[in-house]
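Okay, thanks for having me. Let me put the model up, and then I'll walk you through a few spots in it.

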Amino acid sequence: MAEAVREAVDENDGKRDLAVAVDGSWQKRGFSSKNGLVTVTSVDTGKVIDVEVFSKHCICPNKTKHLQNCKRNFEGYSGKMEVAGALSIFQRSQSLYNVRYTKYLGDGDSKAFTSIVENKVYDDHCSVEKLECIGHVMKRMGTRLRRLKTKMRGQKLSDGKPLCGRNRLTEAEIDRLQAYYGLAIRRNLSSVKDMQQAIWAIFLHKLSTDEKPQHGFCPSDSDTWCKFKKAELLGETYHHKNSLPVDVVEAMRPVFRDLANPELLKKCLHGGTQNPNESVNNVIWSRVPKKTFVQLEVLSLGTYNAVSSFNMGNVSKLEILRKMCIEPGDYTVQAIECLDKQRLLRAKYYCLQKTKEVRKEKRLKRKKEDDELLKNADDLEYGGGMF
């Protein structure tokens with residue numbers, strides 16, 4: 001992790017004020033877990049630069065008078081582990097690495113950032129700036145539209161039809177709008193104004209008809225995603241096919257207005273996500289399976305083993321063996337290097353644009369099939385809190 005900090009400083013042109021992504025993870029869902037951890041990764045390099053492991057499991061016979069070798073290192077509500085871990089990591093950043101974490105990228109699911117600001121972990125001249133994870137901001141579009149569908153269930157719009165249904169606000173349409181919203185942010189990281197324009201371009205594009213086209217905000221360059229603009233450049237006639245009814249689009253206007261707020265978009269200009277944190281959490285829980293309860297020592301060992309492999313690859317195991325005065329053999333070195341090569345090849349394949357498009361098409365196809373099956377169903381047989 002110290003090496004990862006040095007890389008982050010070099011990537012930041014030698015400046016020791018770093019931007020970090022913070023995320024908590026628990027061994028058991030529902031915030032009733034006895035074990036949890038907090039990971040901090042560099043926004044610039046994606047590597048783990050610090051981690052905090054917690055366990056509130058205690059085997060002392062007398063719970064009011066703990067033994068000296070008690071393994072518990074946390075008391076209280078499990079959800080507070082992320083707050084305590086983030087605060088502890090920020091407080092020790094200067095003494096441990098001689099760096100300051102001046103930009104905090106989070107998903108907004110805990111009070112960790114508020115706690116860091118209130119405790120003034122650095123001097124009064126250094127404030128910590130809040131950044132938003134683009135992936136989680138993008139998901140807000142889908143969440144808000146699904147909440148809108150639930151709220152307006154059973155209600156009729158001014159055209160006498162419900163909000164959802166065939167050629168209206170379906171699950172597949174929500175997924176598309178969510179993806180378009182994410183692209184509007186990612187493709188305009190240089191300007192909040194450009195982000196806003198791109199988001200409202202989605203809204204007006206869906207509102208457009210042959211009688212009333214509204215493509216003023218759509219990009220007009222040669223590689224534009226707007227088929228109307230493309231036809232206009234080629235001197236062809238375009239007929240709108242994928243527009244939503246006016247009443248459906250107008251019902252979504254408050255959602256677009258909230259998610260095009262400049263204060264929100266300003267926190268997305270960095271272009272970073274919490275994906276590295278999610279990835280390292282996955283590596284940790286693959287070494288310490290969630291179905292098997294462990295105590296603090298085993299959880300810590302699994303966490304540090306995962307972090308070393310995540311940051312440096314499987315070759316980190318060779319360094320660990322050498323630190324233990326065990327010189328690895330030739331076959332061991334070859335096998336470890338082969339594992340790293342295979343992992344990199346798989347990662348490159350999954351990152352190909354063509355591979356991403358295939359995954360996206362499959363996901364949309366499944367959504368369409370579910371919408372069709374739901375439409376043809378006589379009555380619903382499953383739904384949260386319906387029966």
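So, a definition to begin with: buried means under 20% relative accessible area, exposed means over 50%, and partly exposed is in between, using a 1.4 Å probe and protein chains only. As for provenance, this is a predicted model, where local features need pLDDT of at least 70, side-chain atom pairs count only at pLDDT 80 or more, and totals for chains, interfaces and linings use all residues. Residues are numbered from 1 along each chain as its sequence is written, and side-chain values use heavy atoms, with hydrogens and water left out.

Salt bridges, then. The criterion is a side-chain nitrogen of Lys or Arg within 4 Å of a carboxyl oxygen of Asp or Glu, and by that criterion the structure has 21 of them. Take Arg-92 and Glu-52, whose closest N and O atoms sit 2.5 Å apart. Arg-92 is in the loop between α2 (81-91) and α3 (93-97), and Glu-52 is in strand β3 (residues 48-55), so the pair ties together parts 40 residues apart in sequence. Helices here are DSSP runs of H or I with at least four residues, strands are runs of E with at least two, and both are numbered from the N terminus. Glu-52 is buried at 15%, while Arg-92 is partly exposed at 23%.

Now look at Arg-146. Its side chain meets Asp-175 in a salt bridge at 2.9 Å, N to O. That links helix α5, which holds Arg-146, to helix α6, which holds Asp-175, 29 residues apart. Asp-175 has 16% relative accessibility, so it counts as buried. Salt bridges with shared partners put Arg-146, Lys-149, Glu-171 and Asp-175 in one network. Within it, Arg-146 and Glu-171 also meet, again at 2.9 Å, N to O.

Next, β4. Which strands does β4 pair with? Strand β1 (residues 17-26) pairs with β4 in the parallel sense over five bridges, and strand β5 (residues 129-132) also runs parallel to β4, joined by four bridges. For pairing, DSSP has to find at least two bridges between the strands. If you want landmarks, Leu-18 has Tyr-101 in β4 as its bridge partner, and Tyr-104 stands opposite Lys-130 in β5. Strand β4 itself, residues 100-106, is mostly covered, with five of its seven residues buried.

Follow the chain on, and β4, helix α4 (residues 112-119) and β5 form a right-handed β-α-β unit. Right-handed means that, with the strands pointing away from the viewer, the path from the first strand over the helix to the second runs clockwise. In the loop between α4 and β5 you'll find Lys-120, which has a positive phi of about 50 degrees despite not being a glycine. Lys-120 is exposed, at 56% relative accessibility. Asp-13 is another non-glycine with a positive phi, about 60 degrees; Asp-13 is in the loop between α1 (2-11) and β1, and it's exposed at 69%.

Last stop, helix α8, residues 227-234. Which of its residues are buried? Phe-228, Lys-229 and Ala-231. They cover an arc of only 160 degrees around the axis, which puts them on the same side of α8; the arc is taken from the directions from the helix axis to the C-beta atoms. The face turned away from that buried side carries exposed Lys-227, Leu-233 and Leu-234. Just after α8, Gly-235 takes a positive phi of about 70 degrees.
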